[in-house]
Amino acid sequence: MLGSGYTLRCGGQVIDWSGFVEGCDEQTTSFRPEAAALLEGVRAVRRDEDFSCLVDNESLLTVLESWLRSAHHPEPASIADSDLILPLVSELGLRTG
């Protein structure tokens, strides 16, 4: 298993999270743990709060950008790590902040 984590600063409060991600080992890329950490981080902030997120995984940013800017969405079965990407896209779409 690979670990991941995040640190958030919201309203003067600092929130830290770290954990291990199922379906990862040292032989895989960091895409899955990075996606899991981003999903947990987005869920930790109220939907009506503004926040900034710094992500250093270009692959993850490319996938999210293609989903958030496009009307075409591939079938979940064709998406690597769809169990993380689909909830992440959904959560980002529900944000009002």
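Visitor: Which residues does Glu 91 touch, not counting residues up to four places away in sequence?

Guide: This is a predicted model, where local features need pLDDT of at least 70, side-chain atom pairs count only at pLDDT 80 or more, and totals for chains, interfaces and linings use all residues. Residues are numbered from 1 along each chain as its sequence is written, and side-chain values use heavy atoms, with hydrogens and water left out. Contact means heavy atoms within 4.5 Å. Not counting residues up to four places away in sequence, Glu 91 touches Val 42, Arg 43 and Arg 47.

Visitor: Is Glu 91 buried or exposed?

Guide: Glu 91 is found in helix H3. A residue is buried under 20% relative accessible area, exposed over 50% and partly exposed in between, with a 1.4 Å probe and protein chains only. Glu 91 has a relative accessibility of 10%, so it counts as buried.

Visitor: In what order do the elements of the chain run from the N terminus on?

Guide: Helices (H or I, at least four residues) and strands (E, at least two) are DSSP runs, numbered from the N terminus. The chain has 3 helices and 2 strands. From the N terminus on, the order is β-β-α-α-α.

Visitor: What percentage of the residues in the chain is buried?

Guide: The accessible surface of the chain, from the Shrake-Rupley method with a 1.4 Å probe and, for residues, only the protein chains shown as cover, comes to about 6400 Å². Carbon and sulfur atoms hold 50% of that surface. Of the 97 residues in the chain, the buried share is 31%.

Visitor: Which residues is Leu 38 in contact with, leaving aside its neighbours within four places in sequence?

Guide: Leu 38 is one of the buried residues of H1. Leaving aside neighbours within four places in sequence, Leu 38 is in contact with Cys 53, Val 55, Leu 60, Leu 64 and Leu 88.

Visitor: How many residues of H1 are buried?

Guide: H1 has 14 residues and reaches 20 Å from its first C-alpha to its last, close to the 20 Å expected at 1.5 Å a residue. The expected span is 1.5 Å times one less than the number of residues. H1 is largely enclosed by the rest of the structure, because the buried residues among its 14 number 10.

Visitor: Which helices do the buried residues of H3 pack against?

Guide: The 12 residues of H3 should span 16 Å at 1.5 Å a residue, and its end C-alpha atoms are 16 Å apart, which agrees. Ser 82, Leu 84, Ile 85, Leu 88, Val 89 and Glu 91 are buried in H3. The buried residues of this helix pack against H1 and H2.

Visitor: Which residues does Leu 68 touch, not counting residues up to four places away in sequence?

Guide: Leu 68 lies in helix H2, and at 47% relative accessibility it counts as partly exposed. Leu 68 and Val 89 are 21 residues apart in sequence and 7.1 Å apart in space, C-alpha to C-alpha. Not counting residues up to four places away in sequence, Leu 68 touches Val 89 and Leu 92.

Visitor: How far apart in space are Trp 67 and Leu 86, C-alpha to C-alpha?

Guide: Trp 67 is found in helix H2 and is buried, with a relative accessible area of 11%. Trp 67 and Leu 86 are 19 residues apart in sequence. From C-alpha to C-alpha, their separation in space is 9.3 Å.

Visitor: What separates the C-alpha atoms of Ser 52 and Arg 9?

Guide: Ser 52 lies in the loop between H1 and H2, and at 70% relative accessibility it counts as exposed. Ser 52 and Arg 9 are 43 residues apart along the chain. Their C-alpha atoms are separated by 9.1 Å.
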